[in-house]
Amino acid sequence: MLIGELGGAELRRRLRGEGLGLRLFPFTVRLYSRFRALASAMVQMYADFPLADGAFADFSITIRARRWWKPQAVFELDGQRPFWPLPADQAYPMFEWGLNWCIANHVQDYLILHAAVLERDGGALILPGPSGAGKSTLTAGLALSGWRLLSDELTLLRLEDGKVQGLARPVSLKNESIEVVRRFAPQAVLSPASHNTAKGTVRLMVPPTPAVARLVELATPRWLVVPQFEPGEKTRLQRLGRTYAFMNAAQSAFNYAELGITGFELLADTVARCEPYSLTIGSLDQALIVLDELTATSATEANAS
Amino acid sequence: MRHRPQPLLIRVLMQPSRMVRLSEGDWDLLVQQARASGLLGRLDWLARQLGPNAPLPAAPRAHLRWAARKAECCHRETRYEITCLRQALRRAGVPLVLLKGAAYVHAGLNPVHGRFFEDVDIMVPRNRLAAVESALMLAGWAPTHLDAYDQRYYREWMHELPPMEHHQRGTTVDVHHNILPLSGRLRPSAALLLRAVVPWPKAGTEDVYTLSPPDMVLHSASHLFHDGELAYGLRDLSDLDLLLRQLSADPAFWDTLVKRADQLMLGRPLFYAITCLVSLLDTPVPSALRRRVEVFAPPPLQRSLMLALLQRGLRPQHPSCNGVDIRVARFALYVRSHWLKMPPLRLIRHLLRKAVAREVATPAPR
């Protein structure tokens, strides 16, 4: 059964009671909360995801309400509070950020890069970069133009074969990128805005249904593009040295040190398999055209060889 | 006293083979309790002792493995820190004596298994502190806690320098000159401790030392039952359990331990340690020894009160193990640890400062 089929009342009841089991392949999450706004965000954002019915969850998360005056939301994992509380209207984004933290900070079956990732024809386009570089905007644009969304924040490279496991969770849009995406695709569904977060105004975009339905399909890393938004600049691709690309990706990895030699070899293989580029993004439309050309040519090359 | 079953995590630590009989719901609770208590990686080690074919469900098993992997990474880093510290201290002509986690890592003792350590602790003679501090600064460690109160707190009242942080690696070293605070109620002799240090030739370095095995146990016990804050009490108790099971393979060990506790005036923490280990984790302590540590027990009223508090304070830090009495016990033990650490007036001032300072810590999620 899908979250969207559960009905708002039943979903709220579970959130307040035994917990809402979410099958966010490859993980399971159990969520507890009394925030109505969080409940409606879950219905809206996770409608296409199945419910988890087992008794075991990878992460048991509570978004707890705190204080009557200036109410706040507190993130709890196993009763521990790794973060400061946030204003109550950030309860839903707090769940998303907290869950990212849970995955990046605990899971070791994947090399986890701080990178967005999308798939086309079985090949993965990896977009590493810190917050603010424009990876979410680009991710939203690509996901709305034929690419399959794997993740806008965490790239999971499977240790045994280096393939990318997607998450297809909502895409986090910040400040100007909200308008950019709305102009680009007025049909995109966004969560209500949370203002004055650590990243400014935040709205999340509902992941496309096919991306959620195809979560079990892995992708093979093929392109590594480091994006940088420079409004007004000419959009251009530049070849990156592999060593530089490797160091850049290693620095963006959450568990590079934990994985030791395994992580080093996996990342070296991944970079060797990809053509690394940097992408200066003047406008989203231009960037999509440039990436379309890049991925179309390398697909032809791959077929020819 | 009202009967309450022991938390699942404690029952599993007491008898790890229980893991093969757990339901999916039990695993859900066990992983939560263990993660909150810093014991997930420890469970991985205990699970591995059950053999490669033990029927353990894959999803929860992965969480144990992940935590163990993080711990191994921490041990690699600790070994590298030990190499760097050894070079730095050689310049000061002071031998490197490792304490706590770094000592377990160096000596390859069982409490390392699945255990994550925050920083490296070392011990040097008090009259060499200045030389050591400048040698460490030359090697890249910089002092932290620079405000005047913190400096005074550490340098005059505590048994260690303010933590020193490496400017490139971000790693922290705590330089001790004793194992308990100078202003505290118990004052073991640092000279006795340093005279008994042992090298571990098998670790490949002749000139790196740890406290002697009984002293390691006493240090761990004092930390947990005297000046510690019990935040990860169950984890530290499990460390002691593994340490005692391993070290008591030497038939002379128990006798040396009790004599040494007497000599260092650390009998009281040893009494609490042995009593809690036997009752909570079923540590195999010979009954003759249990009788011998009775001489270190406090008067009956204090004894019952303390044991009641410890039974509660050592439960996993998880909502499933909470209750008003647990919270009261934790608070009482917290106050006690500070009470034993410094005189009353200084304590009040210190707690007030900490309460104000707490408002400016913890990060926001990204």
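In what follows, Ala, Val, Leu, Ile, Met, Phe, Trp, Tyr, Cys and Pro count as nonpolar, Asp, Glu, Lys and Arg as charged, and the others, Gly among them, as polar. The model is predicted.

**Exercise 1. The largest cavity**

Task: describe the largest cavity by volume, lining and residue class.

Solution. 
- Step 1. Count the cavities. The structure holds four of 30 Å³ or more.
- Step 2. Take the volume. The largest cavity has about 120 Å³ of space.
- Step 3. List the lining. It has 16 residues. Nearest the centre lie Asn100(A), Asp152(A), Glu153(A), Arg169(A) and Pro170(A).
- Step 4. Assign elements. Helix 3 (91–106), strand 8 (148–151) and strand 11 of chain A each give two or more residues to the lining of the largest cavity. Helix 3 of chain A has the largest share, three residues.
- Step 5. Sort by class. The lining of the largest cavity has seven nonpolar, three polar and six charged residues.

**Exercise 2. The second largest pocket**

Task: find which element of chain A gives the largest share of the lining of the second largest pocket.

Solution. 
- Step 1. Start with the volume. The second largest pocket holds about 530 Å³ of space.
- Step 2. Look at the centre. The pocket is lined by 23 residues, and the closest to its centre are Gly134(A), Thr137(A), Glu176(A), Ser177(A) and Phe229(A).
- Step 3. Two or more lining residues come from each of helix 4 (135–143), strand 11 (171–174), helix 5 (176–184) and helix 9 (284–304) of chain A.
- Step 4. Pick the element. Helix 5 of chain A supplies the largest share, five residues.

**Exercise 3. The interface**

Task: characterise the interface of chain B and chain A by contacts, buried area and salt bridges.

Solution. 
- Step 1. Count the contacts. On chain B, 30 residues are in contact with 33 residues of chain A.
- Step 2. Take the area. The two chains bury about 2,700 Å² between them, with 55% of it on carbon and sulfur atoms.
- Step 3. Find the charge pairs. Side chains of opposite charge can pair when their charged atoms come close. The rule finds three salt bridges across this interface. Asp28(B) forms a salt bridge with Arg30(A), and their closest N and O atoms are 3.0 Å apart.
- Step 4. Assign elements on chain B. Helix 2 (24–36) and helix 4 (58–92) of chain B each supply at least two residues of the side that touches chain A. Helix 4 of chain B gives the most, with 11 residues.
- Step 5. Sort by class. The side of chain B that touches chain A has 13 nonpolar, six polar and 11 charged residues.

**Exercise 4. Two arginines of chain A**

Task: state what Arg64(A) pairs with, and which backbone oxygen the side chain of Arg203(A) reaches.

Solution. 
- Step 1. Over all chains the structure holds 33 salt bridges.
- Step 2. Take Arg64(A). Its salt-bridge partner is Glu76(A), with the closest N and O atoms 2.9 Å apart.
- Step 3. Arg64(A) is in strand 3 (residues 59–66) and Glu76(A) in strand 4 (residues 72–77) of chain A, 12 residues apart.
- Step 4. Turn to Arg203(A), found in strand 13 (residues 200–205) of chain A. The side chain of Arg203(A) reaches the backbone oxygen of Ser191(A) at 2.8 Å.

Terms used:
Residues numbered from 1 in each chain as written. Chains lettered and ligands numbered in written order. Predicted model: local features only at pLDDT ≥ 70, side-chain atom pairs only at ≥ 80, totals over all residues. Heavy atoms only, no water. Contact = heavy atoms within 4.5 Å. Buried area = accessible area lost by both parts, 1.4 Å probe. Salt bridge = Lys/Arg side-chain N within 4 Å of Asp/Glu carboxyl O. Helix = DSSP H or I, 4+ residues; strand = E, 2+ residues; numbered from the N terminus. 1 Å grid on protein atoms, 1.4 Å probe; cavity = no way out; pocket = protein on both sides within 12 Å on 5 of 7 lines; lining within 4 Å. Points joined across faces, edges and corners; volume = space filled by probe spheres on them. Polar contact = N/O pair within 3.5 Å; in protein donor to acceptor, adjacent residues only side chain to side chain.
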